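Try each task yourself before reading the solution.

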Amino acid sequence: MGELLWLIPALPFAGALLLVLFGNRISRALVSTIGVGSVGISAAVTLVLGIEYLSSRPAFIRQEVWQWFDVAGFSPSIAFHLDALSMVFIFVITFVGFLIHIYSTEYMAEDKDYSRFFACMNLFVGSMLMLVMADNLLLLYLGWEGVGLCSYLLIGFWYKEPANVYAARKAFIITRVGDTAMAIGLFMLFQHFGTLHIQSISTEAAQVWSIGNETALIIALLLLGGAVGKSGQLPLQTWLPDAMAGPTPVSALIHAATMVTAGVYLIARMHVIFALSPVAMMAVAVIGAVTLLIAGFAALTQYDIKRVLAYSTISQVGYMFLALGVGAWSSGVFHFMIHGFFKALLFLCAGAIILALHHEQDMRKMGGLSKKLPVVFYTFLIGAASLAAFPLVSAGFYSKDQILWLQLAGENGNIWLYLAGLLGAFITSIYTFRMVFLTFYGEEKTHVGHKPTMAITVPLIILAVLSFAGGFIELPHNFGHVVLFSDFLAPILPAVSVVPDFDRFEWMLQLLAAVISLGGIFIAYLFYYKKPELIESIHRSEFAMAIHHFWHSGWGFDQLYDALFVRPYVYLSKVNKNDFIDSFYTFLANVTQGLHQLFSQTQTGIMRNYVAGIVVGAIMILTISLLL
Amino acid sequence: MILVWLIVILMVGGVLAWISGKVNRTLPRWVALGSVLAVFVLTLYIWMNPLAIVIGSNQSMGHTWYMRFDQPWIPQWGISFSLAVDGLSVLMLLLTFFIGLLAVLISWREIQTKVAFFHFNLLWVLAGITGVFLTMDLFLFYFFWEVMLIPMYFLIGIWGHENRRYAAYKFFIFTQASGLLMLLAILGLYFIHGNQTGVYTFSYFELLNTTLAPEAARLLMFGFLAAFLVKLPVVPFHSWLPDAHSEAPTAGSVILAGLLLKTGAYGLLRFVLPLFPMATVEFAPWAMLLGVIGIIYGAILAFSQTDLKRLVAYTSVSHMGFVILGVFSFNEWALQGVVMQMITHGLSTGALFIIAGFLYERLHTRDIRQMGGFWSTAPKMGVIALIFVMASLGLPGLGNFIAEFLTLVGSWQANNWLTAFATIGLVMATIYSLRIMQKIFFEANRMEQPLPDLNAREMLIAIPMVVMILWLGLYPQPILDTARPSIQEQLQAYTEPLIEQAPIARMDRIEMEAIPEKTFGTKKPKEAKPSSYLQIFKSSN
């Protein structure tokens, strides 16, 4: 059954290649067919393989396509590895990807660079699949950098606007900082294991290293560096909000559902290394907790609907890190999947709104859209409920609740992480419903132009169903106790060890989480619907506005990095533009020339000068020889 | 005999091209194209049919050499016309002729003055480079080292841009001065060997067996290093390069970046490593430091350049830092990385210079501040530039990634901290590379006229390069296999004693002067295993 494996990434790559080669010469319909079709067939192959995988349940399937290279025992292959973990990721990438491609046929219909868009999107899907299917870290790195390139190309898709290109460049460079840390991690892994094959490393590491090993710690931290870069976590999160410069389907696919979760995949994939170093685990959890709070507060103050969603993505990936950090691997992956559904949904809804409002993204100019765009409204509401973890009926409730629960019940968790998560949940539901009330309620402020048709509404409805029903495959112990998802992942990702006899508190915590979520929604209702004057009173306070600006700017990280890194680098480069080393050689040349001129002046051609010179010289030599 | 033909075809072709200019203006182009194509095909033939012969005392390394040619030239001085080709040289020759073909093609429209003399110089530069890669006689090596210098001087000085005189002089003085130091070192080696054995010879294979006192080895090594480090170039000896590269005509820049720099790297591999093992081990940390400085310094300078060719020139400085970092790591990963870097850098930087040439032909400027937004009218050029910009920043899937990753994996084993700093160079490469894309192809178009896209001839130049860089990135094994025996041979002095823990081996020989002649040839080639390599570094640190 593994023979088809290579097709999954190869099809999108082939689509991209065809579109690059012939994209300008073929009709739009054909471009759509190639672009959407390649991902669609890839999704179909995934489905076939998934069914076979579920029915036979092998440990993993490996397919080697060819040996990449072999140098003195360093022999990575172009080989794919399918197990439960990669299956989940492939499923989300191909299916959500497919839906977003369909959506894009309408969203991008007016764009003159239609084929370039689909070429980049296909290339992205192929690279992302490569990332999650790679059986060795070097191939994973290929996918890793490949998605970085596509992200760059798509953020800067509308390249005539310099701001977009700068945003693209920023994204590439900042993630590359993380990638560099990761590359060093790979060097170290290779030094110690003589291979980059993931399975071999995982098996061997557990045998060679004991818990707390220093090398394992350094490697885990370096890999974490790569993960925070790609996943927009502290301290490398600043690129993600600016990445919203790209077309909205790009934000949905790359900067919400798939690429930004690559870090989650990496940590889950290399969980053996992380589990060996408690300090690194704690670092993951703390980064997650701090990030989810910082991004949550930043999201509260944004007016651009896409920026709210961007900060929300950073914050939600923070939850995934929080889960991974306490060893709740499958909870992290579960939240990834559910987040993939609802965040893609929210972005696509935002895209439909933006399209309808003639590319207006400012929520202050939106309002009253619930009547005009009913499908978008209801699907957005389902997505928002899921994001805000609306109790019982939303998928997000179950995935987030599991993470919060394990902060206390898990052996590695602690109360501070739990409180951070809880506070984050509260903020999340406030900013989510702030978005809902600002966009869909109140009076209509901008004329509604384009009404979405099938290509937009069908993906929205499918994603809405998934955002609603996706949660039911994993229900808490005291409430249905369905463990389909964690069972599926169990062979790959060990279950988190739970503090004994803690179960009896579970319902209390669930109740608390539910109250928090509803409380947040109520506050949003109060401030943004019922009594908008409350907001105005806040706006009058100078202190509150200062905080508002601080959060709005993303806690000043951009300014900080600008002062610390960007400006010194640019200054250093500018000041030495003419290469001071060269001035040394110029100096040599000038000295030579100076001496030449000096001596050429003595060549006067006047005999008496020469005679005088000879006499003076002779006297000097005689004097010196006599004196010495 | 084929080896002699390689040089003869190029030299005679050059003379013919010059003469044929009297008949017709386009004839020299065809003569040049034909000559380079002929030698390219010959080299492909050599590569496909390695004869596997043994040279020197090194019997057991066996199939290292593909072919050789030996003819006494000035026997009383021990100078012979000795040519030989192994995996390393054949790769360098393939690169030379591939780049040579491109150089002829890109000059087709660009060069309109003194066409015949231009092609004479072009072919003679190639002949000189070919000689450098083929010669196994140090005197002859020096001879070819100079042969490639003089025509290059003319190429820059006659067909270059505004400031060409200055650049040509600078290029000439730098390389000539450093070359003279190498000549001194060659003569020193010649006399030491002669005194010891009574046989005065310039033969590479004989001189390999010279026993050197540590101080002598150090001095002679610096003589060779002077030439190679200036050519490579290594900061702080790089300052000829930005001028020469940016002022040369496109073909000149491509040959400079793609080939002349590689002769420096080749010299390090072929001569410095096996001739002075002890001295190089001593010098290695400093050399690696120079490499890292080069990587970072070049990258910082590249970022602020506004002249496109100058920018690309500084990226060369940065990329060549990896070469010296790798060479002085003394392991197979790093050296394979270096060989890959020589080839892939030749292609990717060559391609960037070619794109700069395409742009110059259309805009008559190299100032990127005046460019922008060209993607909209020249998407083909944009895609191709994107590919090579990505190659230059080390995107996996393209050849440069394999090169840099292998180099860094290897150098990591030798020195962690320096490698970590070198890896930071990858971020800096991103910073300058993306600036190229942004300023030229993105943002708004500042030109009045739309930029015409690539025509058929230009695509004919660009497509093979794209195919090559992808092939090298996805399946580099043929290249690695070709280079492997040579690399293992160059490394023998460094690995063998430690792998086998042999009491007497080449590395120790220098100190134990009482025991001569136990060098290459008594050991079997080893399957290199990572574990044993690691052991080396643990034990040698």
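**Exercise 1.** Work out how many residues of strand β2 (residues 77-82) of chain A are buried.

Solution. Start with the terms: strands are DSSP runs of E with at least two residues, helices are runs of H or I with at least four, and both are numbered from the N terminus. A residue is buried if 20 or more other C-beta atoms, placed from the backbone, lie within 10 Å of its own. By that count, 6 of the 6 residues in β2(A) are buried, leaving the strand mostly covered. Next, sort them by direction: A:S77, A:A79 and A:H81 point one way, while A:I78, A:F80 and A:L82 point the other way.

This is a predicted model, in which local features need pLDDT of at least 70, side-chain atom pairs count only at pLDDT 80 or more, and totals for chains, interfaces and linings use all residues. Residues are numbered from 1 along each chain as its sequence is written, and chains are lettered from A in the order in which they are written.

**Exercise 2.** Find how β1(A) and β2(A) run, and which residue stands opposite A:I78.

Solution. Strands pair if DSSP finds at least two bridges between them. Here 6 bridges join β1(A) to β2(A), and the two run antiparallel. Opposite A:I78 stands A:W66.

**Exercise 3.** Describe the side of chain A that touches chain B.

Solution. Contact requires C-beta atoms, placed from the backbone, within 7 Å. Chain A brings 40 residues and chain B 47. Among the contributing elements of chain A are β1 (61-67) and α25 (557-575). The most comes from α6(A), with 13 residues.

Key. Contact = placed C-beta atoms within 7 Å. Nonpolar A, V, L, I, M, F, W, Y, C, P; charged D, E, K, R; others polar. Buried ≥ 20, exposed ≤ 12 C-beta atoms within 10 Å, placed from the backbone.
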